[in-house]
Amino acid sequence: MIRFLARRIALGVLVMWCVTLVVFLIFYVGPGAGDVARALAGREAPPSTVALIARNLLLDRPWYVQYGHFLSQLLHGNLGYDYYNSESVNTIIAQAFPVTFSLIIGAAPLWLAFGILSGVYSAVRPRSLGDRTFTGVALLFYSTPTFVLGVLLILVLYYELTVHGVSIFPAPGYVPFTQSPLQWARALILPWLALALVLAAAYTRLTRSSMLDVLGEDYVRTARAKGVPERRVIFRHALRAALNPIVTQAGIDIGVLFGGAVITEQVFDLPGLGWVAVHAIQEQDLPVIIGVVVVASAGVVAANLIVDILYAVLDPRVRLH
Amino acid sequence: MDNLWVRFHTPDGVVQAVRGVSFAVEPGETLGIVGESGSGKTLATQAAFGLAAGARVEGRAVFDRRDLLEMTVRDRREILGSQVGMVFQNPLSSLHPMYRVGWQLSEAIRIHDRSMSRRAAHARVVELLSLVGIPQPERRIDDFPHQFSGGMRQRAMIAMAIALGPALLIADEPTTAVDVTIQAQILQVLKQLKEELGIAIVMITHDLGVIAQLADRVVVLYAGKVMEQGSVRDLFYEHHHPYTEGLLRSLPAAETERGQLVPIEGQPPSPIDPPPGCPFAPRCRYRMDRCVVEQPRLEPVGGHRGHDSACFLPKDRRPSDDRIAVEAAKGDDSG
Ligand SMILES: Nc1ncnc2c1ncn2[C@@H]1O[C@H](COP(=O)(O)OP(=O)(O)OP(=O)(O)O)[C@@H](O)[C@H]1O
Ligand code: SF4
Ligand SMILES: [Mg+2]
């Protein structure tokens, strides 16, 4: 187990190192000597700023010194400085991260619950009306673009209801948890729902097929032959064994979302990482883009690591290898 | 079982896996069920307990004066695991790979006996594991199935099946997936259960040697129908049905002793649209004209009660030319 973990962590570190290298190559080497500071400074920066950047980033030194400096800054947790907005990138990301985190922390349980429960039902009663309904609905949401669903939710549940005097759901926007947990949750219900509905579809299909496989296994018959009640057979015996592909998918989805649920954040006007990234790209604010790329990569790597650990926890056979 | 039918509706047609099979097991008795692969042995014994997914089951299956097929799922579940224990064909896949062996056994106990404490269940599991001959049960109880050898898994399955002291144990080819030495050990365990605990056993196998060692009575299944049934003596020495004869002649023991292994030629009929006559007719060397058009019924033959055969040959037919093979088989099994 320890060796397994050590190997996975080493792999994660390697991936992160590659990311820094690629980022460095693109943003520090790509523009060519002399233009790096210009590019990082952002539009309409005065020459004094450009000179300052060149000095700060050791741009007059050889590339490996520059890279060493870049890396050591990252290792010290310093993501850089946004000269355009005169703000540390750390601050920008520290403000955006909780928003994205809030979005995921609420949406993930929802989509997992929708997806797994409907998938289990479909597998237990294949070709039943319920199965067909779930499969149909799943397909519908699966093929609905996130922004369409988001806008529809806003239109129907916020706009129409509010117009008719029922203001359950607030206007798009974000309220920090620390300010008011209730308002935080209220503001996030619609984005949670939008994200969960779109993602749940994949889990319905995944759970259904995984469960159908497992329900035909001999050990499920053994459980029935022991006299185990059907509900327990399904959840304790079958679902337990069917969980692996679902955990993998969840790890990938959550990892990717930590890079910012770009569209959901745009539609619901949530200033999370995806929102920050989009704005930074629009303004060609390179230091912020670099920061988001590094943080998003770290999110994906961390999610993968967690999936690996979960595997070992879920399946005793993994621990030996 | 009384006139049990098991059918599957498939895209290719209706699979008739079991066609009107009847047999009985008395308390404490060991019944052997033999037949080729696909003859319906597994389904004939499991379908009535609701363990064959997608099967349409008809007929009567009486356990302790109650019909399993008329029962609520709940009542049937209460019988399963407590009064009827089952051991399946494939010990490698019959235990859940993600739970500890001990947990799986104590679940079997605590599902039925909720008053039993965790501690008491644990002690009972250790006792069961040592009963079936697993060394160091206190240590092995926390192992996962993949840490057990094939033979140990099968023994763990047997321990699970007898956890609550069932009246009946259904063992579906418990020895096919394991090697010869372990086979002998498992038979030993079953023999012990039979003799010491007086558990009635239904022993499914295609190995007549196993039958000779363990069973009191035998049912011979072919293409979902009973071909012949009777005591072990009747079947080995006074069998009537040509299919039984063929089974005995194909015993490997006959080959080693006499160099005359005679496999039954041909294939069993398709379970979809079975032919109208005797199902064995295409492969039978005594086939007569009427065999192809008319279905022989199971009728008493020979001189002993309970010896029945489904064949048109004269009722007092005596096997002769395959006697030697039988002797060879018996000699091998008792040795
Ligand atoms: N789910 C199913 N759908 C369709 N046909 C099935 C199904 N299960 C079993 N059958 C068919 O029913 C017949 C009897 O199956 P069964 O498992 O009872 O045979 P068996 O005598 O136990 O064979 P084996 O010695 O291989 O275990 C076989 O022909 C099989 O193909
Ligand atoms: S009924 Fe006819 S075909 Fe069938 S086993 Fe007897 S002799 Fe052979
Ligand atoms: Mg079978």
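This is a predicted model: local features need pLDDT of at least 70, side-chain atom pairs count only at pLDDT 80 or more; totals for chains, interfaces and linings use all residues.

Around ligand 2 I found His241(B), Pro242(B), Cys278(B), Phe280(B), Ala281(B), Cys284(B), Tyr286(B), Cys291(B), Pro296(B), Cys311(B), Phe312(B) and Leu313(B). Sorted by class, that shell has 11 nonpolar residues, one polar and no charged ones.

Next I looked up the cores. Which residues touch the most other members of the largest nonpolar core? They are Met86(B), Leu169(B) and Leu190(B), in a core of 73 residues. Helix H7(B) gives this core its largest share, seven residues. Apart from it I noted another core, of 53 residues, with Leu103(A), Leu195(A), Met211(A) and Leu215(A) among them. I jotted a general reminder here: in soluble globular proteins, nonpolar side chains tend to be buried together.

Then I checked Leu169(B) by itself. Leaving out residues up to four places away in sequence, its contacts include Met86(B) and Leu190(B), as well as Gly85(B), Val87(B), Ala161(B) and Ile162(B). Ile199(B) and Ala200(B) are also among the residues Leu169(B) touches.

Last entry: Ala167(B). I found it in the loop between helix H7 (150-161) and strand S8 (168-172) of chain B. Is Ala167(B) buried, exposed or partly exposed? I put it down as partly exposed, because its relative accessible area is 47%, between the 20% and 50% cut-offs. With residues up to four places away in sequence not counted, Ala167(B) touches Gln83(B), Ile199(B) and Ala200(B). I also looked at Leu235(B), which is 68 residues from Ala167(B) in sequence and 26 Å from it in space, C-alpha to C-alpha.

Key: Residues are numbered from 1 along each chain as its sequence is written. Chains are lettered from A and ligands numbered from 1 in the order in which they are written. Side-chain values use heavy atoms; hydrogens and water are left out. Helices (H or I, at least four residues) and strands (E, at least two) are DSSP runs, numbered from the N terminus. Buried means under 20% relative accessible area, exposed over 50%, partly exposed in between (1.4 Å probe, protein chains only). Contact means heavy atoms within 4.5 Å. A residue is near a molecule or strand if one of its heavy atoms lies within 4 Å of it. Ala, Val, Leu, Ile, Met, Phe, Trp, Tyr, Cys and Pro count as nonpolar, Asp, Glu, Lys and Arg as charged, and the others, Gly among them, as polar. A nonpolar core is a set of buried Ala, Val, Leu, Ile, Met, Phe, Trp, Tyr and Cys residues joined through side-chain atoms within 4.5 Å.
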